Amino acid sequence: MQAAAREFPDRTRLALLSAWRGRSRGLAVFAGVFLASLVITTVLVYGSGLMQIFFLNYLDDEYYDFRMDFHTDIGGKGRTVDVALWESYCAEYEALPEITDCAVAAGRQGGHGAGWFTEAYLKPQPLELQAWEGRDSDWSNVSVFLFEGNEEGPPTRGYRPLRLLGPSAYDGELAERHASRLLRGEWPDGGAAAVEQRSVSLPSQVASMADATVGDQLASLTFTYDTDASKGCQGEEVFWQQFSYCRVSVTLENLTISSIFDDTIVTSPITSQQPVFIPWELVPVENRSAIIAGDHAYLALTIDRTALPTESTDSAEKELDRIQRSLDSVALEGETDLDGTHVIKDLLSWLRIQNYFIQIFNYIVMIPIIVLSVSVLLYGLLLSLEQRRREIAIHRVIGGGPDALLRMVLGELGVLAFCAWLAGYLLALLAVPLILNAVGFMQFRPGEYDVSPSLGLLATLATLVVTVGLALLFGRSRTRDFLEQEISEGVQRVVVKPQPRYWLHWLLFGVGLIALADSYIESLANDGRLADDWEKGIISNPVLNGIFAVLGPFLLWIGGALVLARLGAMAPGMMQRLLGRTAALRDIGRGLRGSGSAEGVGKLALIMLLTLSIVTMAAVQGYTGMAVDERTASLAAGGDLKVEFQQPLDHAAALATVSVALEGTDVAASDIRLVSVPLIAMHPAGDEYSVYQTWVLLDGSREVVRWDRQAFGGDPGKTLDRLAAGGFSYGEQLEFSLGEQPQLMLNLTGGAPGQVTVSNVGEHTWHPGLDTDITAGGIFIGEASFRTLVGDGAVDAWRETTWFVELGPQGDAEAQSAVTRALAFDSSVSKVTSWDEEHREVERNGGLVFGTLGLLTLQFAVATIAAVASSFVFLSLVLTQRKRELAILQAIGASEWQVGRLVLFEIMSITVVSMLLGTLLGVGISYAFNGMFSLFGLIFQSFGGASTSVDRTLVWPWGELLVIGLAVLAVVMLALVWTTARATRSDLARILKGE
């Protein structure tokens with residue numbers, strides 16, 4: 001062992017010198033290990049980065065990290081109702097090194113460990129607003145209900161919650177977190193200032209409904225709390241969800257609005273959704289004591305979030321559990337027993353499932369690039385070691401022992417492989433943060449996520465073992481084969497190659513073609529170019545369809561690459577038969593007859609085919625993902641803006657409201673366009689019981705609504721023309737009742753006069769900005785039919801609550817954001833949806849699955865690098881193998897120009913044909929992968945609680961692919977000129993002697 005350690009520096013130096021002398025073969029090893037290390041490390045680190053992004057997103061949505069509640073329920077032991085004692089407990093917790101801030105808070109009652117989907121989880125109730133009265137604005141129509149709160153947490157009675165905050169919430173870390181969510185106003189500077197100002201912070205929705213702004217006053221605000229009824233109820237006894245509560249009311253007067261916060265962010269259900277914030281000390285002491293007794297009070301704690309491990313949910317949960325145990329161990333005065341709960345505890349399980357699912361999908365997507373990188377590694381090793389066959393044989397002749405020769409080869413391989421692994425590892429760590437900030441294919445928004453993904457020690461060692469270990473194992477096996485050969489075989493370069501299993505190649509290719517046909521037929525049906533009967537493809541069984549959707553693309557890719565690579569390798573022979581009699585090739589035809597038979601030529605064809613297929617697939621799926629995200633945003637917003645008013649407005653009133661919001665933007669009032677989608681009820685003539693919800697597509701919708709081919713399963717312009725000419729379209733739910741009817745005679749429902757005859761123009765899928773589930777059960781008609789029904793005057797004066805807005809040529813993202821903010825505080829507006837904001841919400845999904853665009857960008861970049869590296873490495877190795885052949889041609893009279901043309905034609909024909917075949921294979925696997933993308937996207941959306949009818953209609957970026965192809969050809973040409981010049985200018989005598 002000591003002797004080996006002493007010899008290690010000398011062996012390393014000799015290995016480096018040997019690698020430097022054989023730079024061409026060493027470059028092949030380096031390129032293969034480098035690509036394998038880069039890809040495998042990136043895949044693993046990417047998962048860590050995704051975990052950080054998800055975790056930080058959830059943390060950013062929360063004000064608090066922990067809440068401390070009584071250990072027992074109302075009436076149990078270890079509790080207190082002493083307000084001063086309760087407020088003193090924060091000092092005990094702030095003494096812990098993990099805690100950065102603590103404040104008294106009161107809101108939703110303690111859950112006492114109740115898990116999701118249990119009766120006990122429904123029992124805790126929030127502090128509930130019951131009434132408010134404004135002094136500077138009209139609050140009579142401002143609702144105290146928050147019905148949507150039940151969608152984001154446990155069901156409550158529906159009243160908007162209220163949260164009381166102690167003095168410490170108005171300074172330090174807690175104050176910074178609350179201030180970061182403010183849209184207007186300022187968070188009070190300290191608890192004393194909050195009490196003196198009688199501060200109240202309102203959700204933006206409430207401020208909008210009341211047309212209230214910072215500085216306005218509330219004459220009164222009434223809220224209720226539940227208290228301990230064990231000694232008799234001093235308030236009103238109520239029942240909810242099979243539980244009994246004693247509810248007491250408190251009225252506060254003369255409150256001042258100090259700030260308005262963004263209420264679009266959903267927080268943990270163990271606190272409460274979108275509350276009104278009021279200082280704790282504004283409530284009388286006796287009521288505060290009762291609130292504590294009613295289990296509404298808790299201590300809100302914060303920690304240093306940057307110190308949390310975020311490489312996985314398991315590590316984060318372990319650290320949070322450790323902090324929780326530390327909190328639970330604090331001994332409190334008065335023998336009060338409190339339990340700590342980290343706020344995102346219930347969300348961690350869901351986050352783990354979501355993250356694992358996304359990572360599984362992303363790992364599957366990365367399989368092609370991993371296979372490519374390993375292929376480059378193995379084929380590079382194969383050609384590199386093949387050059388050493390004769391060298392090893394000569395060493396054996398002069399007395400070299402097998403063990404010494406094996407150590408010599410493995411030493412050189414080990415040094416090169418380790419350096420390549422380290423370079424790929426470091427580059428992956430640097431590249432992943434950029435890839436995680438991808439907002440489109442080859443589009444990035446650096447700095448949005450400040451992540452520092454890392455790889456654990458075991459994972460790092462795993463990448464080292466897989467890449468370097470694979471190189472050493474393959475090198476050891478190949479070198480042993482050389483040592484077992486007869487010396488004469490090694491000197492003569494005799495190679496016995498096993499015959500490939502071509503039947504297996506064709507079998508894989510055939511199964512992959514079935515999956516391709518299935519995906520292609522489904523895509524045609526979704527795009528409206530085939531009947532709906534084909535929407536399930538040729539494999540209708542859902543289980544088999546899922547298997548083919550996942551495995552089919554890989555079988556097609558691997559089998560197709562192996563089959564088509566043979567055609568690529570035979571390209572010189574095929575081209576010689578076609579062009580052999582031309583003047584350009586007549587004098588070099590004999591030299592082309594053996595082209596394509598060399599092992600290196602076949603490997604070059606396979607690598608070029610693999611790289612171009614991945615480049616094509618990554619570009620197609622990347623641009624398709626961006627298109628899906630744009631469609632998803634259009635489905636939500638409809639136009640640049642979707643404005644929903646409190647009351648129905650006519651066009652003039654809606655235009656006036658939006659025009660006021662243009663102040664401070666570059667958009668002129670004359671540039672904007674507005675359109676609504678009137679909704680009426682109609683029934684067939686003579687059948688008053690079959691009522692159809694009918695939406696009217698006004699003529700102005702062409703310029704305002706962001707139409708898409710998928711809306712009508714074809715060209716939307718043609719369908720809109722047919723609707724305007726007196727047609728109707730029907731939703732999916734009406735297919736059987738209306739699909740075969742060429743015409744309908746319709747009457748207005750509700751006793752109103754009016755009748756119109758409309759012609760069937762086919763089925764509609766969705767209308768941008770409208771609820772897809774509802775429009776699936778209704779029909780669309782045009783403006784002309786609408787005017788026939790109700791008259792021109794009624795149409796011109798029609799009033800609707802929802803209007804779509806086109807901001808004109810100046811309506812960019814900045815203008816949309818400014819107008820959205822202005823309209824959000826208009827009392828007549830209930831909600832504003834911006835296309836740009838909706839797009840920013842989904843632009844990382846890559847067509848329904850988060851993070852895909854970053855990985856597709858990585859695939860595109862690595863495959864391009866592999867193509868470039870393969871050009872230099874494989875051409876150099878191939879021409880080195882053929883030096884003797886080229887020297888013989890020169891020896892029998894061939895000029896350097898003829899030899900150059902021979903090599904140029906051979907390699908370029910292989911490259912061009914392989915690239916064309918690779919692009920063709922990439923088109924095929926793009927269709928095949930589309931089924932898998934759609935399947936995982938559907939599952940991901942279902943897990944996320946959302947639904948969408950957006951299909952993945954492929955986008956073909958031929959311009960970008962042409963640029964990449966020309967760039968690869970240019971690199972191949974440069975590599976070819978350089979390597980050919982080296983081969984033809986070598987010493988012929990030495991080459992022919994075999995030196």
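This briefing walks through one predicted protein chain, from its overall make-up to single residues. The chain has 995 residues, and 54% of them are buried. It holds 35 helices and 24 strands. Its largest nonpolar core has 160 residues and lies between two domains, because both give residues to it.

**Confidence**

- The mean pLDDT of the chain is 80. A pLDDT of 70 or more is reached by 79% of the residues.
- Residues 486-495 have a pLDDT below 50. Beyond near neighbours in sequence, this stretch still has 17 contacts in the model.
- Where pLDDT is low, the predicted coordinates should not be read in detail.

**The chain as a whole**

- The chain exposes about 42,900 Å². Carbon and sulfur atoms supply 57% of that area.
- Take the contacts between residues at least 6 apart in sequence: 82% of them join residues at least 24 apart.

**Nonpolar cores**

- In the 160-residue core, the residues with the most contacts inside it are Tyr93, Trp139, Phe223, Ile278 and Leu299.
- Helix α2 (residues 23-60) gives the largest share of this core, with 16 residues.
- Domain 1 covers 1-61 + 364-498, and domain 2 covers 63-343. Both contribute residues, so the core sits between them.
- Phe223 belongs to the 160-residue core. Leaving aside neighbours within four places in sequence, Phe223 contacts Leu127, Glu128, Leu129, Gln130, Leu162, Val248, Ser249, Val250, Leu252, Val283 and Ile291.
- In soluble globular proteins, nonpolar side chains tend to be buried together.

**Helix α8**

- Helix α8 (residues 285-293) is mostly covered, with seven of its nine residues buried.
- The buried residues are Asn287, Arg288, Ser289, Ala290, Ile291, Ile292 and Ala293. One of them, Ile291, is also a contact of Phe223.
- Just after α8, Asp295 takes a positive phi of about 70°.

**Helix α9**

- Helix α9 runs over residues 313-328 and has 16 residues. At 1.5 Å a residue, α9 should span 22 Å.
- Buried residues in α9 are Thr313, Ser315, Ala316, Glu317, Leu320, Ile323, Gln324, Ser326 and Leu327.
- An α-helix has 3.6 residues a turn, so residues three or four places apart point the same way.
- Leu327 is found in α9. Its relative accessible area is 1%, so Leu327 counts as buried, under the 20% limit.
- Leaving aside neighbours within four places in sequence, Leu327 is in contact with Phe66, Met68, Tyr93, Leu96, Ile99 and Leu301. Among these contacts, Tyr93 is also one of the residues with the most contacts inside the 160-residue core.
- Leu327 and Leu338 are eleven residues apart along the chain. Their C-alpha atoms are separated by 8.6 Å.

**Helix α10 and Leu351**

- Leu351 lies in helix α10 (residues 345-365). Leu351 is buried, with a relative accessible area of 2%.
- Not counting residues up to four places away in sequence, Leu351 touches Met51, Phe54, Phe55, Tyr58 and Thr313.
- Leu351 and Thr313 are 38 residues apart along the chain, yet their C-alpha atoms are separated by 7.6 Å. Thr313 is one of the buried residues of α9.

**Helix α31 and Gln859**

- Gln859 is found in helix α31 (residues 852-881). Its relative accessibility is 0%, so Gln859 counts as buried.
- Leaving aside neighbours within four places in sequence, Gln859 contacts Val365, Met366, Pro368, Ile369, Ile614, Met617 and Ala618.

**Two loop residues with positive phi**

- Gln274 lies in the loop between β9 (243-261) and β10 (276-279). Gln274 is not a glycine, yet its phi is positive, at about 45°. Gln274 is buried, with a relative accessible area of 9%.
- Glu335 lies in the loop between α9 and β12 (338-342). Glu335 also has a positive phi, near 55°, and is a residue other than glycine.
- Is Glu335 buried or exposed? Glu335 is exposed, because its relative accessible area is 71%, over the 50% limit.

Terms used. Residues numbered from 1 in each chain as written. Heavy atoms only, no water. pLDDT = per-residue confidence, 0-100. Contact = heavy atoms within 4.5 Å. Helix = DSSP H or I, 4+ residues; strand = E, 2+ residues; numbered from the N terminus. Expected span 1.5 Å × (residues − 1). Buried < 20%, exposed > 50% of the residue type's maximum accessible area, 1.4 Å probe, protein only. Core = buried A, V, L, I, M, F, W, Y, C linked by side-chain atoms within 4.5 Å. Domains from an automatic or database assignment. Areas by Shrake-Rupley, 256 points an atom, 1.4 Å probe, with all protein chains shown as cover.
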